[in-house]
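Hi everyone, thanks for coming. Let's get the picture up on the screen and then walk through it together.

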Amino acid sequence: MASVIIKNASIVNEGSTIHADVLIKNQRIEKIGSGIHTKEASKEINAEGLHLFPGVIDDQVHFREPGLTHKANIYTESRAAVAGGVTSFMEMPNTNPPAFTQQLLEDKYAIGKASSLANYSFYMGTANDNYEEVMKTNNKKNEVCGVKVFMGSSTGNLLVDNALVLDKIFSGTELLIATHCEEESIIKANLEKIKRYKEILEPSDHPIIRDEEACFESSLKAIQFANKYGSRLHILHITTENELQLFGNMLPLQDKKITCEVCVHHLHFTSDDYAVLGNQIKCNPAIKAPHNRTALWTALNDDRLDVIATDHAPHTWEEKQHGYEKAHAGLPLVQHSLQLMLKYVAEGKITMEKMVHKMSHAVATCFQIKDRGFIREGYYADLVLVDTNKPYTVTKDNILYKCGWSPLEQTTFNASIIQTFVNGNIVYGNNVFDESNMGLRLQFDRV
């Protein structure tokens, strides 16, 4: 493998920014420092004026393979991911069939090995009737990112609403448990209530049906189970101000037993945007009233919210054009999450160092990912070079998702992704892909 030296980069890493060089050899970062001799590398990149970040690690994506590949697949979406500076992802089990057995889970890893340009991990899925299979994941705690529990309705048989089964999962699982928290009984009651007086529902009704109470009650329930057994709980896509009172910032991240995630669309959109975007931003949990977004930003900056992700969930344009009740929930985001957050860096909503922490360092710490998420000597060279002064406009022509659309279309960002390194390979650079090397299966450093 060719060695590469990145010269004169502004390296944003572990709370500070330094001007230095990075030498990459044999997939890993060999040396960080000023004045590294160019003879040590076969390829030199002049990064003067550019920022170098650790690659983004997205802990929640839906790449739709197997079984839903008319929407997306692991190849197309990992390709979009690396073009956006995302070098590793963790993918959800609600495919067809869902990842309910160890064999089905390993089948997904085989697809990742053959076709993912980014590093990959896949969650084990839970149902009301696969407890024994879920427990086998305890033997793979250094090879699987976690166990996913849908505590709100999803596709297929993934809703786990049996309290006895939940109790057993929380008591028996030795891995991180990632939860989607919405209380199904509250959602159903809200839907029945609104239908009594409104015949045709609209996208703006979505946060009324999947409301703040549904999120709070389900998150509270998950935390109660976790506290009962000392489980390692990670609650995904927090959307409400009320839920934030459930989380703390008194412990160092590595010592927290209960952590949580916020997604870029909940930091960006509010319920005011349904008027223009409609079903494009219909997702679960719902994008809600503006005061929630304000609270999410506060909690992100004070470390009650631990990581930033996308919940990338593509559907075809046609599936989004149905009436509200039939339109599919979810939106594609993984290609633009870093650029979107850099927009907020430029606006002063978050520092660049804090953004890097939440999108890379903190994800690696939360999941105990081995040798990734930081720019450190000896770590894998998962890196992204960014020009923060080169505007980029999202258009149909540069959207790489298989579904071919984005709710961010016609948005102009202040920053452009210049190059993305995965395991030391320049997988993406200046709108050109090198697909000669696939990503690697993420490994975890758990006792």
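Predicted model: local features only at pLDDT ≥ 70, side-chain atom pairs only at ≥ 80, totals over all residues.

Residues are numbered from 1 along each chain as its sequence is written, and side-chain values use heavy atoms, with hydrogens and water left out.

Okay, rings. Rings of Phe, Tyr and Trp (its six-membered ring) pair if their centres lie within 6.5 Å; planes under 30 degrees apart are stacked, over 60 edge-to-face, and the rest tilted. That rule gives 11 aromatic pairs. Take Tyr109 and Phe122: the centres are 5.0 Å apart and the planes sit at 90 degrees, so this pair is edge-to-face. Tyr109 is in helix H2 (residues 102-115) and Phe122 is in strand S8 (residues 119-122), 13 residues apart. Helices (H or I, at least four residues) and strands (E, at least two) are DSSP runs, numbered from the N terminus.

Phe122 also pairs with Tyr120, and that one is tilted, with 6.0 Å between centres and 40 degrees between planes. Are these two buried or exposed? Buried means under 20% relative accessible area, exposed over 50%, and partly exposed in between (1.4 Å probe, protein chains only). Tyr120 comes out at 4%, so it is buried, and Phe122 is buried at 0%. Ring pairs join Phe63, Phe89, Tyr109, Tyr120 and Phe122 into a cluster.

Now look at helix H12 (residues 337-346). Eight of its 10 residues are buried, so H12 is largely enclosed by the rest of the structure. Among the buried ones are Leu338, Met341 and Tyr344.

Last topic: salt bridges, meaning a side-chain nitrogen of Lys or Arg within 4 Å of a carboxyl oxygen of Asp or Glu. How many salt bridges does a search of the whole structure find? It finds 24. In one of them, Glu106 meets Lys140, with the closest N and O atoms 2.9 Å apart. Glu106 is in helix H2 and Lys140 is in the loop between helix H3 (131-136) and strand S10 (147-150), so the pair ties together parts 34 residues apart in sequence. Glu106 is partly exposed at 24%, while Lys140 is buried at 16%.

Another one joins Asp303 and Lys354, again with 2.9 Å between the closest N and O atoms. That's me done, thanks!
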